[in-house]
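Have the structure open while you read.

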Amino acid sequence: MDILEDGIIGINEKGEIFACNKQAEEITKASASLIIGKRCDEVFSYIPFVKCLLEKRRIPAKMLKINGVNVSMEVVPVLRQENCIGAFAKLQKFNEVEVRQNELRSQLMSKGHVAKYSFDDVIGESEVIQKTKKVLERMAASESPVLLIGETGTGKELFAHAVHRASRRKDGPFIAINVAAVPENLLESELFGYEEGAFTGAKKGGRPGLFEFSHRGTLFLDEVEGMSQALQVKLLRVLQEREIMRVGGNRVIKIDVRIVAATNESLEEKVEEGSFRRDLYYRLNTLPIVIPTLAERGEDIFLIIESMRQELGGNFVLTEPVKEFLRSYTWPGNIRELRNIVEYFIYTGEPEITIEELPPTVFRKHSVKLRPITTSQPTPARTIPRASEEFSPYWFVLGQLYQASENNTPIGRERILTEAKANHLPLSQQEVRKILSGMADEGLLHISRGRGGSRLLPAGRDLWETHNKKEAN
């Protein structure tokens, strides 16, 4: 009994104390030598030994305060056939229970649930990236949810790691999950865990979910917009109540988890469409920040290329025409695309990279055949640039607005991006937002709130028609 970490007190069938280990002495402040042989209800009136003996059943654990310390206490009967011949009380200091649970969570987790990157791993000296780092460092000190908004490949997960490393939870677990990558029928049990027998194939004894594994740490939800409405409701409860319930369970489990979420889509538009809950959006949007695209980071491109070259063991230099090309390139895949290009440079085997050594995919914008917006109405002639022309984001967006105007329908950013993707054009959400905002400032279009989209004004129609006439000549 003395090697156990719990306090143990034993009584016989007469209710007389016959055992009390050192841990129980420490918790109750009672000396074993003085209480052995005495009746339990005289010494420990707060322990329901008599009830346990009479009812011959286990008294479930409950919380009580002993000598100013919160203690978890349960009483278990000792049965011989149908006779109760004694009972044991098990006492645990509540803070020790928590510590032990956290240790067990760490053991249950597979290795590697730690944040690997810090803000020092974010390469770049541009003003936009330095400002992003400073703002996120201040946000990291908070306990509120952080929402990382950015295009694919901008490094949202790297920043999530860095936020955790800079927070007060840095010694706790960091767990990342791509919500959109997990089938909906598995995502709930992955996040919330499940009890034994909850569904076919459930492991014996059940399994804790990622929320439990993330206790006292950070849970990173990537592509959070891919979460179903039902799971959005459960996530909202976690954020509000700090508690979960496993699938198939009836027990509420308190958790202490900080949420960092990321999206590469407009959650505002998802809310207006009705596919994302407004109340959850405002919970996650407590500390939002936009991660800059690679095209916005200027000379950072070459710092990142040099870092990747050293990491991959490459040996090449860029000629000035290539540098100029990379500066003007729109980088639809951002840093992920840049890494692919660096690897391509390495495998060319050329020590000096010229325009001829650039990957053929970066030139696709010069030879792509564009597809007009599908509509039941006749499409006006020449409403988008010819395939032979160099792609211009500005004129493409204006052309889409003109088509929508001809069809007397508004058009939003998502529709424009969908058309760009369908035509394999390197156009980013950030670019569309800037172009529309600039056109609105120039009096070319009107941007409506919510689902209203954008409508071209007469000045915008005139500009497009004038542009088309010049191109035709």
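Q: Which side chain makes a polar contact with the side chain of E243?

A: That partner is R237, at 2.6 Å from E243, side chain to side chain. Please keep in mind that this is a predicted model.

Q: What makes the 2.6 Å pair of E243 and R237 a polar contact?

A: The cut-off for a pair of N or O atoms is 3.5 Å. The side chains of E243 and R237 come to 2.6 Å, so the pair falls within 3.5 Å and counts as a polar contact.

Q: Why is E243 called buried?

A: Buried means under 20% relative accessible area. E243 has 11%, so the label applies. This residue is found in strand β9, residues 243-245, and the residues it touches include V238, V252 and I255.

Q: How do you know whether F276 is buried or exposed?

A: Its relative accessible area is 3%. Since buried means under 20%, F276 is therefore buried.

Q: Where does F276 lie, and which residues does F276 touch?

A: F276 lies in the loop between α11 (267-273) and α12 (278-284). Leaving out residues up to four places away in sequence, F276 touches V224, E225, Q229, Q232, L267, K270, V271, Y281 and L284.

Q: How many of the residues of the protein count as buried?

A: Of its 473 residues, 46% count as buried, and under 20% relative accessible area is again the criterion.

Key. Residues are numbered from 1 along each chain as its sequence is written. This is a predicted model: local features need pLDDT of at least 70, side-chain atom pairs count only at pLDDT 80 or more; totals for chains, interfaces and linings use all residues. Side-chain values use heavy atoms; hydrogens and water are left out. Buried means under 20% relative accessible area, exposed over 50%, partly exposed in between (1.4 Å probe, protein chains only). Helices (H or I, at least four residues) and strands (E, at least two) are DSSP runs, numbered from the N terminus. Contact means heavy atoms within 4.5 Å. A polar contact is a pair of N or O atoms within 3.5 Å; within protein, one must be able to donate a hydrogen and the other to accept it, and residues adjacent in sequence count only if both atoms are side-chain atoms.
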